[in-house]
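Biologist: I'm new to this one. Can you put it up and walk me through it?

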Amino acid sequence: MALKVKVCRDPRWGRCFESYSEDTEIVRKMTSIVTGLQGQLPHNHPKGYPFVAGRNKVIACAKHFVGDGGTDRGKNEGNTILSYEDLERIHMAPYLDCISQGVSTIMASYSSWNGSKLHANRFLLTEILKDKLGLKGFIFSDWSGLDRLSEPRGSNYRSCISSAVKAGIDMVMVPYEFKKFVEGLIDLVESGEISMARIDDAVERILRVKFVAGLFEFPFTNRSLLDTVGCKLHRDLAREAVRKSLVLLKNGKDPKKSFLPLEKNAKRIGVFGTHADNLGYQCGGWTIKWSGGSGRITIGTQ
């Protein structure tokens, strides 16, 4: 289950809705969702190691490492131009909180840091995230993340694989060219361009998370929990969360005569705009599909 600990610093970014706040400290507090997803870390749990407290919990993934909310002019998959000190202070701090709670996995960002693609940045992925911050779980790529390491995308796929794996990517999301990826990775290892030590490290990290999650003892989902998915209790909680998270930016033109709350005896209320009667737009992104959609794409919470 993904948790987005990005710190959105430019409202022009189209994925600001995924960020908890522009304030790093607020985002850091919200990383407590790691404990909610994976369970309470035991007192003597070794630092940096993944933890999942049984079948009623899930593997958590913190993303996207690092700085995707701070790109120049808010450009999606853009370039974050910052000193290392500012990157660490603003964008990296929430990941340290996630690791301290035993987060199992972290996903790399499509974006770049000072012109260097995160998916191929060994300094940040290996020297910082794994060695300095102490992540013992695994790092995996974003959807088709390797393709973006060459222009046109995927044009030099062998080089993309080599750059990402050597940088520290342990698991790769390859939705389409998986045969090409497998063949390319095998060739890179057999030729010595990617060392067996790097492969061993990736396999060890992936197996560590799978063992912690109990996937070898229980390889399938616990179907006894199906009735709780979308149950009334959960829907009521979702509606409460929506109500309490709404932010009123302006309450009428005249500060002395507010528009809300509405008069109880109002005979007619007009609601205008493209979102007025569009459930898909009201739900926003990550509803049914990652970018959401228009119209009655779901039944809502009724």
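Modeller: One term before we start: a cavity is a set of grid points where a 1.4 Å probe fits but cannot get out. Its volume is the space filled by probe spheres set on those points. And keep in mind that this is a predicted model.

Biologist: OK. How many cavities of 30 Å³ or more does the structure hold?

Modeller: One. The largest cavity has a volume of about 80 Å³.

Biologist: Which residues line the largest cavity?

Modeller: The lining is Lys6, Trp13, Arg15, His64, Asp68, Thr71, Asn76, Glu77, Ser109, Tyr110, Ser111 and Asp142.

Biologist: And how do the residues of that lining divide?

Modeller: Two are nonpolar, five polar and five charged.

Biologist: Switching topic. How many residues has the largest nonpolar core?

Modeller: It has 43 residues. Phe65, Met92, Val103, Ile106 and Leu124 have the most contacts inside it. Helices H2 (33-38), H3 (84-100), H4, H5 (157-167) and H6 (178-190) each supply at least two residues, and so do strands S2 (61-65) and S4 (105-108).

Biologist: Which element gives the largest share of this core?

Modeller: H3, with seven residues. There is also a second, separate core of six residues, including Met107, Phe138, Phe140 and Ile206.

Biologist: Back to Leu124. What does Leu124 touch?

Modeller: Leaving out residues up to four places away in sequence, Leu124 touches Phe65, Val66, Tyr84, Leu87, Met92, Trp113, Leu118 and Leu129.

Biologist: Which residues are buried in H4?

Modeller: H4 covers residues 122-132. Leu124, Leu125, Thr126, Ile128, Leu129 and Lys130 are buried there.

Biologist: What happens at the start of H4?

Modeller: A side-chain oxygen of Asn121 reaches to within 3.2 Å of the backbone nitrogen of Phe123. At the other end, Gly134 follows H4. The phi of Gly134 is positive, near 85°.

Biologist: One last residue. Where is Thr24 found?

Modeller: In helix H1, which runs over residues 24-30.

Biologist: Why does Thr24 count as buried?

Modeller: Because its relative accessibility is 9%, and buried means under 20%.

Biologist: What lies 2.8 Å from a polar atom of the Thr24 side chain?

Modeller: The backbone oxygen of Ile90. Ile90 is also one of the residues that Thr24 touches, along with Val7, Arg89, Ala93 and Pro94, not counting residues up to four places away in sequence.

Notes. Residues are numbered from 1 along each chain as its sequence is written. This is a predicted model: local features need pLDDT of at least 70, side-chain atom pairs count only at pLDDT 80 or more; totals for chains, interfaces and linings use all residues. Side-chain values use heavy atoms; hydrogens and water are left out. On a 1 Å grid over the protein atoms alone, a cavity is a set of points where a 1.4 Å probe fits but cannot get out, and a pocket is an open set with protein on both sides within 12 Å along at least five of seven lines; lining residues have an atom within 4 Å of a point. Ala, Val, Leu, Ile, Met, Phe, Trp, Tyr, Cys and Pro count as nonpolar, Asp, Glu, Lys and Arg as charged, and the others, Gly among them, as polar. Buried means under 20% relative accessible area, exposed over 50%, partly exposed in between (1.4 Å probe, protein chains only). Helices (H or I, at least four residues) and strands (E, at least two) are DSSP runs, numbered from the N terminus. A polar contact is a pair of N or O atoms within 3.5 Å; within protein, one must be able to donate a hydrogen and the other to accept it, and residues adjacent in sequence count only if both atoms are side-chain atoms. A nonpolar core is a set of buried Ala, Val, Leu, Ile, Met, Phe, Trp, Tyr and Cys residues joined through side-chain atoms within 4.5 Å. Contact means heavy atoms within 4.5 Å.
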